[in-house]
Amino acid sequence: MPVIALLALDGVPAPQLSTPALLFGAASRTFYRRPPYELRVCAARETITTAPPCPLQVTPERGPDGLADAGTVLVTGYGACPDPPPADVLAALRAAADRGARIASIGTGTFALAATGLLDGRRATTAWSHAPELARRHPRIEVELTDWPVADGPFLTSAGVLGGKDVCVRMIEEDHGKEAALEADRQLFLMLPNPSDALRAAPRTPHGPHSPHEPTTEPPTKNPPPPPNSPPPSEPTPLTPTTTWLESNLHRPLTLTDIAAHARTSVRSLNRSFRVHTGLTPLQYLLRARVRHAQWLLEHTDTPVENIPARTGLGTPANLRHHFQRLNGTTPTAYRTAFRTLVSLFAPPDEPK
């Protein structure tokens, strides 16, 4: 499991603790067999205090030794133009860099990273108001004024906008692709519920995901590709051929018998295997995949809402609205509008041609 060590320095703004936890947690929620990240809070002191207003006392899990086996180290901000952190923190950061860890900073956390000398001769950024002081103290660093993360080698620095959201999203995209990053970003800002929680709470019926009174629209003859935003499993399992087949045939009116036949097993064994490897029943997994594909169509295409049920196997517009509302807490039309508004607000500026 990839380990991210969140190096929290005394005086850290509280959002720089909560935002990474929310984003990496949202990314983890798209992986149903096990989470893709272990987020570990580390500090040089047994207790640290967050920045005002309303300072909080935080007890970290580990000291600087927690960086030793982390594949990624994320350094929080810690005040206005702060002094270098303690020597053991600097040593732990240098050791992490020496063994090839990815190292990122949020806001004034760049000052801590700069104090190690690791950024000398590289590009970096910090909060705009502190950029002149960073350049004065560390003239060998090429300081850039930007709201977006600056990558140079294994180092990623950010201005700290919205609690470091952008640097966390950038790392999720590097690890799991753009769709996983969009999913985490979407769940953070639209506050979507966990689909697996909603599915586990749903009553099971012999009719599967459709109401017996809602006929399934006849699908097109050609199979569509798998939903582009379906998260890949962290590693293949005996179910991988079956789940891949399911996601390539969402438009078909599949039954438990159909799925068991493809898996060459009994319905009882199929249910048991899905529970073990996904935490869901086969029909719950199928419904989740259909709703996720509907999300992708709403986000990335102009397909009319009334045409989405046939492309996802959800049957009718009423059936689409019911399941979409239950799993996402909003209607398909409102979701499309909210997502596109979010993208327009937080999309990086176009690169000069």
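Two strands are treated as paired if DSSP finds at least two bridges between them, and the strands themselves (E, at least two residues), like the helices (H or I, at least four residues), are DSSP runs numbered from the N terminus. These legends describe a predicted model, in which local features need pLDDT of at least 70, side-chain atom pairs count only at pLDDT 80 or more, and totals for chains, interfaces and linings use all residues. Residues are numbered from 1 along each chain as its sequence is written, and side-chain values use heavy atoms, with hydrogens and water left out.

**View 1. The protein chain as a whole contains 14 helices and 10 strands.** Of its 353 residues, 51% are buried, that is, under 20% relative accessible area, where over 50% would be exposed and values in between partly exposed (1.4 Å probe, protein chains only). Among the contacts (heavy atoms within 4.5 Å) with a separation of 6 or more, 68% join residues 24 or more positions apart.

**View 2. An open sheet of six strands runs in the order β2-β1-β5-β6-β10-β9, with mixed pairing.** Because β2 (38-42) and β9 (150-152) stand at the edges and each has a single partner strand, one side of each is left without a neighbour in the sheet. From one strand to the next, the twist averages 20°. Helix α5 (residues 165-176) packs on this sheet, where it touches β5 (72-75), β6 (102-106), β9 and β10, and its direction makes about 160° with that of β6; such angles run from 0 to 180 degrees between N-to-C directions, with axes taken as lines fitted to C-alpha atoms, for helices over the stretch in contact.

**View 3. Strand β10 (residues 155-158) pairs with β9 in the antiparallel sense over three bridges, and with β6 in the parallel sense over four bridges.** Phe 155 of β10 is the bridge partner of Ile 103 and also of Asp 152, while Thr 157 of β10 is the bridge partner of Val 150. The strands β9 and β10 form a hairpin with two residues between them, and Gly 153 in the turn has a positive phi of about 65°.

**View 4. Thr 116 is placed in the loop between α3 (109-115) and β7 (123-124).** Its relative accessible area is 9%, and Thr 116 therefore counts as buried. Apart from neighbours within four places in sequence, Thr 116 is in contact with Leu 90, Leu 93 and Arg 94. The side chain of Thr 116 reaches the backbone oxygen of Leu 113 at 2.5 Å. Pro 85 is 31 residues away from Thr 116 along the chain, and the C-alpha atoms of the two are separated by 9.5 Å.

**View 5. Thr 242 lies in helix α8, which spans residues 240-248.** Thr 242 counts as buried because its relative accessibility is 4%. When residues up to four places away in sequence are not counted, Thr 242 touches Ile 259, His 262, Ala 263 and Phe 274.

Conventions
A polar contact is a pair of N or O atoms within 3.5 Å; within protein, one must be able to donate a hydrogen and the other to accept it, and residues adjacent in sequence count only if both atoms are side-chain atoms.
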